[in-house]
Amino acid sequence: MAEEVGSTRESLAWNPGRETVHADEKTGEPEVFLEPLLWGLFSLGGFITAFLFPITVFLLFVAPVFGLWPTDPAAYATFAAHWQEPLVRLFFFALIGGSLFHGTHRLKFMLVDAGLRGPGIEAALDIILNAIAIVGTLGALYYAVRGWLFV
Amino acid sequence: MVSALYGLIFLNLLRTLRDGESAYTSFVDTMRTPPILYVNLVLFALLVWHAVSWFMLIGKAQPIQFTDRPLPWKSVFGVNVLLWIGVSAAAVYLIFGGI
């Protein structure tokens, strides 16, 4: 039996995370798989975006223009030299993949809130936006392993 | 949404890097030249706001449960900001070669 919940769907009792609370088991409904996966990627991308994007954009596109940084990290010779390091490739792969899954998922719900509702429209948004995220992430993976695993 | 836009921008940065110095330098110069520079500044401000609001949200949307009672969201926010500074400093040295 599920824990008692209020009208706002908030738990009325403090659950310190040591006891698992399950919703009442529903029968006859297909198991949801994709939705939590996409929300998980959204959350992971949110963390990646929050922690890593500001410093990256600042160093590559903002600071050198206004003389706020002694070197230019985006200069071709500098960036190309750093790009040889696997950690830098992993960094940009995570940055691009995370940001795409985070941003496209958020955009979907912005469009739904703006009035693009309905099972057909939402399914189309899911396909288009997730396709952008998946193709972009695969593109980042291609550039990350190119010159390392293959020429 | 801004993050996805920057994701595509960085993807294009890697594409131009593959294409050689001329293409790469041309793209970076475009990103640093008005009016794209002004758009960049606005988007950068939105990115910083996204980070701050994300850290403010963590302690509210997902209460941290190390103790019997959840930690106050302001404490969680403070810890995340400190982590943010540490991660940014690490990125400066490990990814961009330091100062």
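Q: Among contacts in chain B between residues at least 6 apart in sequence, what percentage join residues at least 24 apart?
A: Please keep in mind throughout that this is a predicted model. Two residues are in contact if their C-beta atoms lie within 7 Å. In chain B, 31% of the contacts between residues at least 6 apart in sequence join residues at least 24 apart.

Q: Which secondary structure elements does chain B have, and in what pattern?
A: Chain B has 4 helices and 0 strands. Along the sequence, the pattern reads α-α-α-α.

Q: What is the radius of gyration of chain B, and what would a compact globule of 99 residues have?
A: The value for chain B is 18 Å, whereas a compact globule of 99 residues would have one near 13 Å. The box filled by its C-alpha atoms, taken along the principal axes, is roughly 60 × 30 × 20 Å. As for burial, 23% of the 99 residues of chain B count as buried.

Q: Which residues touch the most other members of the largest nonpolar core?
A: The core is a set of buried nonpolar residues joined through C-beta atoms within 7 Å. The largest one has 40 residues, and those touching the most other members are A:Phe92, A:Leu95, A:Ile96, A:Ala140, B:Phe10 and B:Leu14. Two or more residues come from each of α1, α3 and α4 (119-145) of chain A and α1, α2 and α3 of chain B. The element giving the most to this core is α1(A), with 11 residues.

Q: With which residues is A:Leu95 in contact, leaving aside its neighbours within four places in sequence?
A: A:Leu95 is in contact with A:Ile48, A:Leu52, A:Phe53, A:Thr56 and B:Phe10.

Q: What is the mean pLDDT of chain A, and where is the pLDDT below 50?
A: The pLDDT is the predictor's confidence in each residue, from 0 to 100. Chain A has a mean of 82, with 79% of its residues reaching 70 or more. Over residues 1-8 of chain A, the pLDDT is below 50.

Notes. Residues numbered from 1 in each chain as written. Chains lettered and ligands numbered in written order. Predicted model: local features only at pLDDT ≥ 70, side-chain atom pairs only at ≥ 80, totals over all residues. Rg over C-alpha atoms; globule rule 2.2 N^0.38 Å. Buried ≥ 20, exposed ≤ 12 C-beta atoms within 10 Å, placed from the backbone.
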